[in-house]
Amino acid sequence: HATVFSMIQPTGCFHLGNYLGATRVWTDLCELKQPHQELIFGVADLHAITVPKPDGQMFRKFRHEAVASILAVGVDPEKASIIYQSAIPQHSELHWLLSTLASMGFLNRMTQWKSKSNIKQSGNGEYQVNDSDVGKVRLGLFSYPVLQAADILLYKSTHVPVGDDQSQHLELTRHLADKFNKTYKTNFFPKPITMLAQTKKVLSLGSPEKKMSKSDPNHDSAIFLNDEPKTIQKKIKKALTDSISDRFYYDPVQRPGVSNLINIVSGIQRKSIEDVVKDVSQFDNYKDFKDFVSEVIIEELRGPRTEFEKYINEPSYLHSVVESGMRKAKEKAAKNLDDIHKIMGF
Ligand code: TYM
């Protein structure tokens with residue numbers, strides 16, 4: 001029996017990184033689903049408030065849009081349960097139980113709380129943490145990876161399809177599973193496997209030394225699933241490249257911008273980097289190369305964009321999808337937390 005589990009934060013429309021690194025893989029998994037597999041995909045709304053969301057109405061809209069976006073890329077609610085994290089209280093309860101096993105030292109090594117707290121990085125990318133910075137870090141943000149471990153372990157998940165930036169959190173998840181099993185002399189939790197997509201790290205178009213991100217202040221750095229073709233063209237045109245050569249080859253160190261575009265095309269077309277490099281070797285100028293990349297992205301996102309428009313205008317359908325997904329997931333969550341309580345002696 002395999003349980004595949006993953007979630008995404010409702011922090012606005014999804015971008016190409018979320019799509020190639022995660023949600024398209026969820027769709028593939030639905031298509032390939034075997035009878036012995038269970039698929040659970042969700043909206044991590046409790047995680048989203050680790051960056052405060054004081055506008056409740058806006059937050060509700062984002063939560064809705066997240067469900068519409070998951071369906072828009074083709075995740076099949078008949079095959080996968082789609083859930084809201086906040087609506088299944090066992091996530092938070094297990095977070096507490098696991099937090100009693102999680103060491104500050106392990107959490108301290110995680111990089112996300114540092115990047116989200118504007119902690120300075122030195123030239124080699126190391127975070128320069130000082131006491132006064134740490135004093136301002138909120139507990140929920142620090143504890144974020146423990147909640148993620150709880151999400152995954154609550155369903156005794158065996159496989160977690162995510163992008164590269166989540167690898168660290170998955171390591172902590174396996175560590176906590178192991179720690180629980182050892183502490184309580186049980187083999188209750190399986191060790192979940194990190195499933196990385198072929199395109200596990202899509203980079204920012206404006207600053208290709210960092211990942212494409214929803215929170216990038218430069219909105220032209222990310223391509224969103226509901227971007228109009230014209231917008232996509234404009235963003236690719238502005239994407240930072242180089243002037244090393246008018247021939248296009250893959251070299252992530254010397255040519256991160258060009259290599260990122262090649263990587264995106266390779267992900268979308270499900271072709272190897274080598275094959276894409278062969279295809280783009282016909283171009284001898286940036287305009288033609290970038291027109292080609294735009295065209296590939298526009299074609300790929302046409303479906304999700306129109307599907308998103310359809311789903312976002314069907315709130316009662318969205319509601320029913322989540323309701324039925326949660327019925328199944330809640331049952332499993334309650335049963336597993338019950339077992340955990342028993343093991344621990346509650
Ligand atoms: P989130 O919402 O930041 O991103 C959702 C998924 O998209 C992937 N991703 C990327 N992949 C490739 N290139 C990128 N530039 C890129 N940006 C984002 C992420 O790796 C992720 O798979 N902590 C998680 C949400 C979460 C979760 C979980 C995931 C909460 N609980 C349990 C798995 C299991 C997050 O913030 O994802």
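Q: Hi! Which way does helix 11 pass helix 12, in a right-handed or a left-handed crossing?
A: In this predicted model, the crossing of helix 11 past helix 12 is right-handed.

Q: Which residues make the contact?
A: On helix 11 they are Ile262, Asn263, Val265, Ser266 and Gln269. Helix 12 brings Ile273, Val276, Val277 and Val280.

Q: And how many of those are nonpolar, polar or charged?
A: The contact has 6 nonpolar residues, 3 polar ones and no charged ones.

Q: OK, switching to strands. How do strand 4 and strand 5 run, parallel or antiparallel?
A: Parallel, with 4 bridges joining strand 4 (residues 159-162) to strand 5 (residues 193-196).

Q: What does the chain go through to get from strand 4 to strand 5?
A: It goes through helix 9, residues 167-183, and this β-α-β crossover is right-handed.

Q: Which residue does valine 162 stand opposite?
A: Valine 162 faces leucine 196 in strand 5.

Q: Back to helices: how far apart are the axes of helix 4 and helix 8?
A: They are 8 Å apart, and the two helices pack at an angle of about 115 degrees. Residues in this contact include Leu94 and Leu98 of helix 4, and Val146 and Leu147 of helix 8.

Methods:
Residues numbered from 1 in each chain as written. Predicted model: local features only at pLDDT ≥ 70, side-chain atom pairs only at ≥ 80, totals over all residues. Left-handed = near helix turned anticlockwise from the far one by under 90°. Contact = placed C-beta atoms within 7 Å. Nonpolar A, V, L, I, M, F, W, Y, C, P; charged D, E, K, R; others polar. Pairing = 2+ DSSP bridges. Right-handed = clockwise from strand over helix to strand, strands pointing away. Axes fitted to C-alpha atoms, helices over the stretch in contact; angles between N-to-C directions.
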